[in-house]
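Thanks, everyone. I'll keep this short and go residue by residue. Please have the model open on your screens.

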Amino acid sequence: SIALLSVDGKLNAISVHESIQQQAKVPDYSNHPLFIDTLDNKGSDISDVHPSFITGQPGIVMSQAILNDAGEIRAILFAELDLKPLEAIRSKVRFGIKGHSAMVDGQGHVLAHPNPEWVKEIRDLSDWPIVQKMTNGDTGVTEFYSSFMQADMVAGYTGIKSLGWGIMVPQPRSEIEAAVNSMLFKVLLWSIFGIAIAILAAFLLTRCITGPINTLASMAVKLASKVDIP
């Protein structure tokens with residue numbers, strides 16, 4: 001939805017997608033922190049995830065101040081977005097067999113996750129150390145135990161400092177260990193094969209070099225036994 005608010009918070013106009021018109025409620029954005037922040041900074045902003053003012057489903061709100069030529073704020077545009085586009089992006093990021101991706105907002109609440117129930121209830125993951133690192137704007141790799149996967153995970157993560165959001169791509173530790181073991185086995189196998197080839201090549205090369213010398217030495221011994229050399 002897109003709404004136009006006056007500077008006193010009055011809803012002047014609103015456009016709601018036809019798919020939710022029947023269930024839509026008249027929103028009150030006047031007390032929303034985003035409204036107050038936009039009034040102060042005269043710019044644009046984006047909220048963390050929260051129940052939609054119109055449908056009650058998880059969503060985010062974007063705001064944009066409308067200024068006149070003198071730089072005075074005349075109105076504010078509010079756009080409510082559902083989380084489906086974020087989930088569409090998240091679902092395309094996969095790693096290994098059970099590796100997946102997840103997104104959280106600046107408060108550590110789930111924005112997109114393979115568990116739809118966590119998204120629906122806006123699950124709070126702020127007590128997870130990896131989530132705390134993401135919301136602090138950090139980037140790196142760490143290990144943690146996932147209550148969703150019921151397994152130890154290794155995850156790459158990053159924080160989006162401009163939004164305060166975080167993205168992580170965890171993969172079960174067991175998958176990584178299996179991949180490493182498989183790689184080490186292949187390396188060992190090729191190493192053994194390489195050593196065997198090297199030994200065979202050395203043997204053949206030695207025979208090629210020493211064979212004629214041994215033949216010449218043998219013939220010289222025979223010749224010496226037949227000829228009386230003073």
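Start with Ser-6. Setting aside neighbours within four places in sequence, Ser-6 is in contact with Asn-12 and Phe-35. Ser-6 sits in strand E1, residues 2–6. Is Ser-6 buried or exposed? Ser-6 counts as buried, at 13% relative accessibility.

One caution before I go on. This is a predicted model. Please keep that in mind throughout.

Now the overall picture. The protein chain has five helices and eleven strands. What is the radius of gyration of the protein chain? The protein chain has 35 Å, whereas a compact globule of 230 residues would be near 17 Å. Taken along the principal axes, the C-alpha atoms fill roughly 130 × 45 × 35 Å.

Next, burial and surface. Of the 230 residues in the protein chain, 31% are buried. The protein chain exposes about 14,600 Å². Carbon and sulfur atoms supply 61% of that area. On contacts, take the pairs at least 6 apart in sequence: 46% of those contacts join residues at least 24 apart. On charge, the protein chain carries 18 positive and 23 negative charges.

Let's move to Thr-38. Thr-38 is in helix H1. Thr-38 has a relative accessible area of 0%, so this residue counts as buried. What does Thr-38 touch, beyond residues up to four places away in sequence? The list is Gly-43, Asp-45, Ser-63, Gln-64, Ala-65, Ile-73 and Ile-76. For a distance, take Leu-81, which is 43 residues from Thr-38 along the chain. Their C-alpha atoms are separated by 18 Å.

Lys-42 lies in the loop between helix H1 (33–41) and strand E3 (44–46). Phi of Lys-42 is near 55°, a positive value in a residue other than glycine. Why pick that out? Most residues other than glycine have a negative phi. Lys-42 is partly exposed, with a relative accessible area of 39%.

There is another such case. Ile-122 has a positive phi of about 55°, and Ile-122 is not a glycine either. Ile-122 lies in the loop between helix H3 (116–120) and helix H4 (129–135). Is Ile-122 buried or exposed? Ile-122 is buried, at 16% relative accessible area.

Stay there for the salt bridges. How many does the structure hold? It holds two. Side chains of opposite charge can pair when their charged atoms come close. One of the bridges joins Arg-123 and Glu-121, with 2.5 Å from N to O. Arg-123 counts as partly exposed, at 27% relative accessibility. Glu-121 is also partly exposed, at 44%.

The other pair is Glu-87 with Arg-90. Here the closest N and O atoms are 2.8 Å apart. Both residues lie in helix H2, residues 84–91. They are three residues apart, about one turn of the helix. What about burial? Glu-87 is partly exposed at 26% relative accessibility, whereas Arg-90 is buried at 9%.

Now go past H2 to Phe-95. Phe-95 is in the loop between H2 and strand E7 (102–104). Which residues does Phe-95 touch, not counting those up to four places away in sequence? They are Val-169, Gln-171 and Glu-175. Gly-108 is 13 residues from Phe-95 along the chain, and the two C-alpha atoms are separated by 22 Å.

Last stop, Tyr-157. Tyr-157 is in strand E10, residues 151–160. Tyr-157 is buried, with a relative accessible area of 9%. Again leaving aside neighbours within four places, Tyr-157 has a list of contacts. Among them are Ile-130, Lys-133 and Met-134. The list also includes Asp-138, Thr-139, Gly-140, Val-141 and Thr-142. Ile-167 and Met-168 are in contact with Tyr-157 too. Finally, Val-93 is 64 residues from Tyr-157 along the chain. Their C-alpha atoms are separated by 13 Å.

That's my set. Over to you.

How values were computed: Residues numbered from 1 in each chain as written. Predicted model: local features only at pLDDT ≥ 70, side-chain atom pairs only at ≥ 80, totals over all residues. Heavy atoms only, no water. Salt bridge = Lys/Arg side-chain N within 4 Å of Asp/Glu carboxyl O. Helix = DSSP H or I, 4+ residues; strand = E, 2+ residues; numbered from the N terminus. Buried < 20%, exposed > 50% of the residue type's maximum accessible area, 1.4 Å probe, protein only. Rg over C-alpha atoms; globule rule 2.2 N^0.38 Å. Contact = heavy atoms within 4.5 Å. Areas by Shrake-Rupley, 256 points an atom, 1.4 Å probe, with all protein chains shown as cover. Lys, Arg positive; Asp, Glu negative; His and termini not counted. Charge placed at Lys NZ, Arg CZ, Asp CG, Glu CD.
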